[in-house]
Amino acid sequence: MAVIDHDVELRRAGAHVRGWGGALVHFMRRYPLGAIGAMIMLLFIATAIFADQITSYDPTSTNPRVSLAPPGEQHALGADFMGRDVFSRIVYGARISLAVAIGATALGCLIGVTIGLLSGFFGGWVDLIVQRLIDIMQALPLLVMALIMAASLGPSLTNTIIAIAIPLVPNVARIIRSNTLALREMPFVEAARAVGMSEARIAVQHVLPNTLAPLIVLATAQFGSAILVESALAFLGLGVPEPHPSWGRMLSESAAEYVRTAPWLVIFPGVAISLVVFGTNLLGDAIRDILDPRQRI
Amino acid sequence: MKACLPPSPDKTAPAQTVSDRVLEVEELRTYFYTRGGLMKAVDGVSFALKRGETLAIVGESGCGKSVTALSILRLVADPPGRIVGGSARLDGVDLIELDAAAMRAIRGNRISMIFQEPMTSLNPVMTIGRQISEALILHQALSRTAAMRRATEMLQLVGIPEPQQRIREYPHQLSGGMRQRAMIAMAVACNPEVLIADEPTSALDVTIQAQILDLIGRLQKELGTAVILITHDLGVVAETAERVIVMYAGRKVEEAPVAALFASPLHPYTRGLLNSIPRLPSIERRSDGPPVQRLQEIPGIVPALSNLPPGCSFAPRCAFASDVCRQAYPRYEEKQGGHWAACWHSDKLAGAANA
């Protein structure tokens, strides 16, 4: 018969965890993939913030003498046909990706939560009309929606954020609405009424916080797809305009002509996109596990 | 015998007797309009609640106890439910006539309610302290910190140990009994005149039940709150209430001081309820030889509210039922001093009890 070591079991459950540092170590042990995801995200955010300190080249300055220079001492990840440093452009491109991902996710969640809460909690004909509109929006794929939006709004950072945020709204609104529908029948909502709270206050103070767990999980997933869609839009020439470096446009500029002769122009931006999306997915999975009440003891 | 109108404020009496009654419910009617038809969940219920007294409302499931309470607070979901008639006057102000904002100012402040399910009546993602302080912030315009301080005092008052720490905890960190104490703290935070306790102990462990009832009784004395205790447990009634109302199929069928009701029930339904309480001798005698006394039940179930029989709604289940019962609903009248009932055969019942 196996001997159970209580200390080991307790240690695995996190009984020894003390303070923030201890909680961090425990998180890394329990969710190693989540920890990797978190580290990738931290690296990504740090890159975006400290872009000026990390790079030694201006991402927009051209130098014909180093056109299509392969990775080497001078240019760690090579240079493109205009002689711009690929490493610098990827580092500065992180800023655009981060800005678009945060902006689009935040905006999409804000609008989606508002619509979902109103629709689910108050119901009635507003709910009916809003849900049909969302049905129409959901019939189109995210990228197609974003394409239509971006094409009609025109290229700019703000418009790219809006173009990606609006297609995210239906998903968020659906999830918040379905949670709200279940929550509004909960006895604690009735109890809040019995205390004399107004309906609007109950919706915001009692129902909304209960929908946050699924919202956070959804938001991390949307964060990753926002980065992907931004790259796709840029690839198609509809994203953030020149001279801002964008990972998607770096790919589109070089994919057709230089993929054979200067593959580093395609590989490195592609790796950057994959890595960040991979990181958000790993982190998102870990957050979903942590927030799942069946896993929390 | 007197007229069938229940105790109502004596118009000729001086104001003193009026102020004696904190809540007067008169001919309250709450109907549900459903696919299955019209459900008269509360059909002409009247009662008066004196300051500081405990009034119990008893009856089986589905007889309209909870809907009566929810109607007083105007919390019946509309649709399908609607208060179609009657009044509920709190210190002379008819709650049924109030607009939504004025009603909100009363809920949780002057009338509050304790719910049956302490497990789900607290918001799982809010700390106990915040939930208790909500009512204080709403009704007494306290700041968040002042409300939290008061919430800590309330937790102390309802007998929760280490209130300073508990105030920051979430509902899942508390046991069922603790949660019900927290619910009670929420309900009495604003020192209400009327506290409606809807089956406050039904979801709890038997050992905790007595503690919770003691707590409600103690708070009632300390704060001078009048309590409407809704329950199906006559044992609870005997211990805590001063007066009892028995409801059946949306109507009041009997009303009496506790002692009188238990000594001589004048409605066969009440008698059935009393007979269906398990008693110790019936278990103990098993070994001595005499036949075991079976626990008596009331045959049948509460009729569908959408399809009540003509005449007395209890007649189909009643051992005393005669032709008159099946034809006409009996008048609700004072059979003995302070003891009201709606039954054609109360005299027979009274005789049977004395024999």
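How many bridges join strand β4 of chain B to β5(B), and do the two run parallel or antiparallel? Here are some notes to read alongside this predicted model.

1. To take that opening question: β4(B), residues 81-90, is joined to β5(B) by two bridges, and these strands run antiparallel.

2. As a reminder, strands of a sheet pair through backbone hydrogen bonds, either parallel or antiparallel.

3. Stepping back to the whole chain, you will find 14 helices and 12 strands in chain B. Chain B has 355 residues, and 47% of them count as buried. Looking at its contacts between residues at least 6 apart in sequence, 64% join residues at least 24 apart.

4. Now for the partner chain: 22 residues of chain B are in contact with 14 residues of chain A. On the chain B side, the elements that give two or more residues are α3 (100-106), β6 (111-114) and α4 (128-140). Of these, α4(B) gives the most, with four residues.

5. What is the make-up of the side of chain B that touches chain A, in nonpolar, polar and charged residues? It divides into 11 nonpolar, seven polar and four charged residues.

Terms used: Residues numbered from 1 in each chain as written. Chains lettered and ligands numbered in written order. Predicted model: local features only at pLDDT ≥ 70, side-chain atom pairs only at ≥ 80, totals over all residues. Buried ≥ 20, exposed ≤ 12 C-beta atoms within 10 Å, placed from the backbone. Contact = placed C-beta atoms within 7 Å. Nonpolar A, V, L, I, M, F, W, Y, C, P; charged D, E, K, R; others polar. Pairing = 2+ DSSP bridges.
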